[in-house]
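Me: Could you help me learn to read aromatic rings and strand pairs in a protein model?

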Amino acid sequence: MDERAASSSRDRAYRRDLDDAGCMMARITLYNYELDENCYKVRLALSMLGLEWQTVAVDAFPGAEQKTPPFLAMNPAGSLPILRDDEVTMFGAESIIVHLARSHDSTGAWLPADGSDFAKVMQWLFFAAGDLGVASAARRHAMFGAGGDEAALRAGAAHALRAMDDHMTARGFEKKEWFAADRPTIADIALFPAFALSRDFGVDHDEYPALRRWVRRFRALPGFTTMPGIPDYH
């Protein structure tokens, strides 16, 4: 936890330095809590798209700053991440990474325009935002004492991760390496943090061999950036 606290402190110091210097905000501003996996999804997308952005640290735990009036004005749900891109303000990690891919990836590689691949990307984005949310909840329960029934959260997370591992096992038989297309897409970005960080609530990654192989490939992608708790497989 020392490394995590230090990382959060650096982020807060960076915000103070910007405020004290009176610098203009960058075109893209991410309101971020360093240990939040949904914020990490957006940081991954920004980095892998090769974008420049400014991070504003939010005291999400224990301060719940994201639930104060200035943040509720940007996101009435009182959650993170929040992103500003010029005049556009949005919230929800999956919505944000769709926006980033559509607005800033001229190649269309990260969000395919083709009907079949587009549909497959979107179905895994919905899975990441919906079914896989229980894994995020299990991690918040373990790390921050958030509410919920521990046994039910762990069982739900195991079910979602098993569905992912089964999918990637089947993809392997087809000589496919990524969740939704023949190349990495924002579906892989949206799915990566929940599994990669699941050791924070006791998941044994050896039980998910197809996902371990996928994580190794994902980590090798240009622009990959890590965070505390991400495994460094060898």
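Reply: Happy to! This is a predicted model, where local features need pLDDT of at least 70 and side-chain atom pairs count only at pLDDT 80 or more, while totals for chains, interfaces and linings use all residues. Residues are numbered from 1 along each chain as its sequence is written, and side-chain values use heavy atoms, with hydrogens and water left out.

Me: How many bridges join strand β3 to strand β4?

Reply: Strands (E, at least two residues) and helices (H or I, at least four) are DSSP runs numbered from the N terminus, and two strands pair if DSSP finds at least two bridges between them. Here four bridges join β3 (residues 82-85) to β4 (residues 88-91), and the strands run antiparallel. Leu-83 stands opposite Met-90. The two strands form a hairpin with two residues between them, and Asp-86 in the turn has a positive phi of about 55°.

Me: What kind of pair do Trp-124 and Phe-127 form?

Reply: Rings of Phe, Tyr and Trp (its six-membered ring) pair if their centres lie within 6.5 Å; planes under 30 degrees apart are stacked, over 60 edge-to-face, the rest tilted. That rule gives 13 aromatic pairs. Trp-124 and Phe-127 have ring centres 5.1 Å apart and planes at 70°, so they are edge-to-face. Both lie in helix α5 (residues 115-129), three residues apart.

Me: Which residue lies over the face of Trp-178?

Reply: A charge sits over a ring if NZ of Lys or CZ of Arg is within 6 Å of the ring centre and within 35 degrees of the ring normal. Here Arg-217 does so, at 5.8 Å from the ring centre.
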